[in-house]
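Okay, thanks everyone, I'll keep this short. Have a look at the sequence and the model on the screen, and then I'll walk you through it.

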Amino acid sequence: VAGLLSAGAVALRWTGGLTWPDALWVAVTSFTAVGFGDVALMGCTGAAKAVVSGLSIAGVACLGCLAAAIAETVLTRRARHAPTKVLYRRRVAGLILALWSL
């Protein structure tokens with residue numbers, strides 16, 4: 001992620017004619033797909049706009065992979081603990097029925 005942001009900032013600095021802080025800001029806001037619009041690429045070349053588009057696509061892809069990894073972890077943990085919960089519930093239900101029949 002840091003490499004993509006750094007490369008994007010360097011590319012925006014060279015192709016877009018932005019200052020370093022502005023180039024980094026546009027790279028971060030493009031990567032996170034926020035796009036506040038306070039720094040505009042007015043009169044920039046198509047290469048600068050392609051860099052911004054590429055950063056947006058890469059950011060959405062990275063965030064999608066992160067969300068998928070978190071969901072997989074949660075579902076794996078839930079599936080791992082599900083059989084023990086069912087077994088515990090059966091034991092408790094059996095104990096309640098046994099005590100009820102006394």
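So, which residues make a nonpolar surface patch of about 360 Å²? Keep in mind that this is a predicted model. The patch is built from Leu 63, Leu 66, Ile 70 and Val 74. Take Val 74, which sits in helix 3. Its relative accessible area is 42%, so Val 74 counts as partly exposed.

Now, over to the inside. The largest nonpolar core has 13 residues, and the ones touching the most other members are Leu 12, Leu 18, Ala 23, Val 26, Ala 27, Phe 31 and Val 52. Helix 1 (2-16), helix 2 and helix 3 (46-101) are the elements that each give two or more residues to this core. As a general point, nonpolar side chains tend to be buried together in soluble globular proteins.

Let's stay with helix 2 for a moment. It runs over residues 20-31, so 12 residues, and spans 16 Å from first C-alpha to last, close to the 16 Å expected. Buried along helix 2 you'll find Ala 23, Val 26, Ala 27, Thr 29, Ser 30 and Phe 31.

Who does Ala 27 touch, leaving aside its neighbours within four places in sequence? That would be Leu 5, Gly 8, Ala 9, Leu 12 and Leu 55.

Then there's Ser 30, also in helix 2. Why do we call it buried? Because its relative accessibility is 8%, and the cut-off for buried is under 20%.

Last one: just after helix 2, Ala 33 takes a positive phi of about 60°.

Terms used
Residues numbered from 1 in each chain as written. Predicted model: local features only at pLDDT ≥ 70, side-chain atom pairs only at ≥ 80, totals over all residues. Heavy atoms only, no water. Helix = DSSP H or I, 4+ residues; strand = E, 2+ residues; numbered from the N terminus. Expected span 1.5 Å × (residues − 1). Buried < 20%, exposed > 50% of the residue type's maximum accessible area, 1.4 Å probe, protein only. Core = buried A, V, L, I, M, F, W, Y, C linked by side-chain atoms within 4.5 Å. Contact = heavy atoms within 4.5 Å. Patch = residues over 30% accessible without salt bridge, like charges linked within 9 Å, V, L, I, M, F, W, Y side chains within 5 Å. Areas by Shrake-Rupley, 256 points an atom, 1.4 Å probe, with all protein chains shown as cover. Salt bridge = Lys/Arg side-chain N within 4 Å of Asp/Glu carboxyl O.
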